[in-house]
Amino acid sequence: MSNEKNPNLDTTRMATVYSQPGETVMVTAVPVHTIIGTSFSDSPAVTVCPACHQSITTRVQRSNGLLTWLICGGLAIFGCILGCCLIPFCIDSCKDTDHFCPNCNHHIYKYKRL
Ligand SMILES: [Zn+2]
């Protein structure tokens, strides 16, 4: 094994533009917005805000989602109709999670349980 760089495996992409003398060639780069290397879950995540381009830890906010209502309906079907079916609305791990930027309040991602 050698540590020399294999020229066939070089990941650097080169663009070669052939032009005639005196001809003007315009090459335009298209910006792409991607969220790289961040996996969002129900807890705050470290990422780069696509709006203000700062490295941030997201602020999370819980909201009632499909899983919350399904558990509530399931409990009601099994006889928990005297308020027990409302328990999922008090448990964060039953809810969806919205991720916001703490600097500019931009909504970055919605983590859904279902
Ligand atoms: Zn931001």
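This is a predicted model: local features need pLDDT of at least 70, side-chain atom pairs count only at pLDDT 80 or more; totals for chains, interfaces and linings use all residues.
Let's start with the chain as a whole. It has 114 residues, with one helix and five strands. Buried residues account for 20% of the chain. As for how the chain folds back on itself, take the contacts between residues at least 6 apart in sequence: 50% of them join residues at least 24 apart.

Now zoom in on strand E4, residues 96–100. Five of its five residues are buried, so the rest of the structure largely encloses this strand. Both of its faces are covered. On one side you'll find Asp96, Asp98 and Phe100, on the other Thr97 and His99, and all of them are buried.

What does E4 pair with? Strand E3, residues 59–63, runs antiparallel to E4, and five bridges link the two. To get your bearings on that pairing, find Gln61, which sits opposite Asp98 of E4. E4 also pairs with strand E5, residues 107–111, again in the antiparallel sense, here through four bridges. A handy landmark for this pairing is Thr97, which faces Tyr111 in E5.

E4 and E5 make a hairpin, with six residues between the two strands. Look at Asn105 in that turn: its phi is positive, at about 65°.

Which residues hold the zinc ion? The SG atoms of Cys49, Cys52, Cys101 and Cys104 coordinate it, at 2.2 to 2.3 Å. Along the sequence, the donor residues follow the spacing C-x2-C-x48-C-x2-C.

Why call the site tetrahedral? The four donor atoms subtend angles of 104 to 120° around the zinc ion, and the arrangement counts as tetrahedral because all angles lie between 85 and 135 degrees. For reference, the ideal angle for four tetrahedral donors is 109.5 degrees.

Cys49 has a relative accessible area of 1%, so it counts as buried, the cut-off being under 20%. Cys52 comes out at 23% relative accessibility, and is therefore classed as partly exposed.

How values were computed:
Residues are numbered from 1 along each chain as its sequence is written. Side-chain values use heavy atoms; hydrogens and water are left out. Donors are N, O and S atoms within 2.8 Å of the metal (3.2 Å for Na, K and Ca); water is not among the atoms, so sites may look incomplete. Four donors count as tetrahedral if all angles lie between 85 and 135 degrees; four count as square planar and six as octahedral if opposite donors are over 155 degrees apart and all others between 65 and 115; anything else is irregular. Buried means under 20% relative accessible area, exposed over 50%, partly exposed in between (1.4 Å probe, protein chains only). Contact means heavy atoms within 4.5 Å. Two strands pair if DSSP finds at least two bridges between them.
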